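Good morning, everyone, and thank you for making time for a short tour of one structure. Please have the sequence and the 3D view ready, and we will begin with a single residue before we step back to the whole chain.

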Amino acid sequence: MPSETGKTDMERIGLFSEMEYITIGDKYVSQFNRPFNEAASKSKQMLPGGNKEKSATQAGYFDPVFGRIFEGESYLNPVQLRRRYRMAEAKKNLGSKAFLPSNGDKFPCGVGTYYGTIGGPCPYFSAQIKDKPPYVQPGKNLYTNPGKKGTGYGYPNLTIGKPYPHSVELYDIGRINMKKTSEEHHRLMKGGPFKLNLYPREYFDMNPYHDDKPLPPPKKQPTLKPIQQAFKPSSPGKKPGGMKAGTFDPYPSHSTDPYIIKVPKPITTNKQGQVFHPNPGTKSRPVRSIMTSNIEKSLNVTNYTNPRVMSY
């Protein structure tokens, strides 16, 4: 129905027309009484022939005739086949007699012996000592004197080289040289030190408040009038309790205003006499969120005892 603003319910929702209903007139069927496979109880169903067990007949197999592996092959004697193989291998021998080694196997009788080997002793593994050059006696070692005792402080002749010779040195040679340099400096100076009258001083004087001018006569202090009586307000401050009690001015007088009836504004209509409504803007409609569209909670037989655990 159109509201006071002139818009219908469909325009406020954002749809051009009302959605169709596909279950009008259908009977309500509860989800708990609905069969699991409704098509299994209607029309004809597949009827198997039953299970077949293996027996001496071909009834328990898929093939109608039993297929044999060696069907149509001749009988072969394995002993006769081995004899024929040995005879064919014997024809490959060059002589008439079988090969016999000259002697039996030889085993070494100890460590370092070559008995029983094919090549015999190897000269590279011989125990003979190689020729060595004649021994040359090395030269004599370096002869040094034993270490001298002493710490080095106050003990002479303890170093590798010769001791340092003693040189005479004045006791206060630094002060004497500085005195000679100062005397030579004063000798080259002409007159006394240069002094200026504008030598900077602290605050231009030892006393920053010193003044050569005479002080002016002292000013006369105004006479203070004694306070005869202190100021006292007439009454304490008042709080506004829904009126003008706490203000400086009194409550203003009431002025009666005449009652004026407002003239209603004319309603804009078209030629047919209908109220003009501007074209509506962009329409919007409620949209399911991404989480709601991906997750659907349902209450079924498995979770009806605990509603908190919902199936997704």
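Let me start with Tyr114, which is partly exposed at a relative accessible area of 32%; here buried means under 20% relative accessible area, exposed means over 50%, and partly exposed lies in between, with a 1.4 Å probe and protein chains only. What we are looking at is a predicted model, in which local features need pLDDT of at least 70 and side-chain atom pairs count only at pLDDT 80 or more, while totals for chains, interfaces and linings use all residues. Residues are numbered from 1 along each chain as its sequence is written, and side-chain values use heavy atoms, with hydrogens and water left out.

Where does Tyr114 sit? You will find Tyr114 in the loop between H2 and H3, where helices (H or I, at least four residues) and strands (E, at least two) are DSSP runs numbered from the N terminus. If we leave aside residues up to four places away in sequence, Tyr114 touches Gly120, Pro121, Cys122 and Phe125, and a contact means heavy atoms within 4.5 Å.

Tyr114 also belongs to a nonpolar surface patch with Tyr124 and Phe125, and together the three have about 440 Å² of accessible area. Such patches are made of residues with over 30% relative accessible area and no salt bridge, where like charges are joined within 9 Å and nonpolar side chains (Val, Leu, Ile, Met, Phe, Trp, Tyr) within 5 Å. The accessible areas come from the Shrake-Rupley method with a 1.4 Å probe, and for residues only the protein chains shown count as cover.

Now to the charged side chains, for which a search of the whole structure gives 3 salt bridges, a salt bridge being a side-chain nitrogen of Lys or Arg within 4 Å of a carboxyl oxygen of Asp or Glu. One of them joins Glu89 and Lys92 at 3.6 Å, N to O; Glu89 is partly exposed at 33% relative accessibility, whereas Lys92 is exposed at 60%. Another joins Asp172 and Arg175 at 2.5 Å, N to O, with Asp172 partly exposed at 28% and Arg175 exposed at 55%. There is also a salt bridge between Glu184 and Arg187, at 2.4 Å, N to O, and these two are 3 residues apart in helix H3 (residues 173-188), so about one helical turn separates them. Glu184 is partly exposed at 37%, and Arg187 is exposed at 56%.

Let us stay with H3 for a moment, since its 16 residues reach 23 Å from first C-alpha to last, close to the 22 Å expected at 1.5 Å a residue; the expected span is 1.5 Å times one less than the number of residues. H3 is hardly covered, as the count of buried residues among its 16 is 0.

Buried residues make up 1% of its 312 residues, and the chain exposes about 35600 Å², of which carbon and sulfur atoms supply 59%.

How confident is the predictor, as given by the mean pLDDT of the chain? The mean is 77, and 86% of the residues reach 70 or more, where pLDDT is the predictor's confidence in each residue, from 0 to 100.
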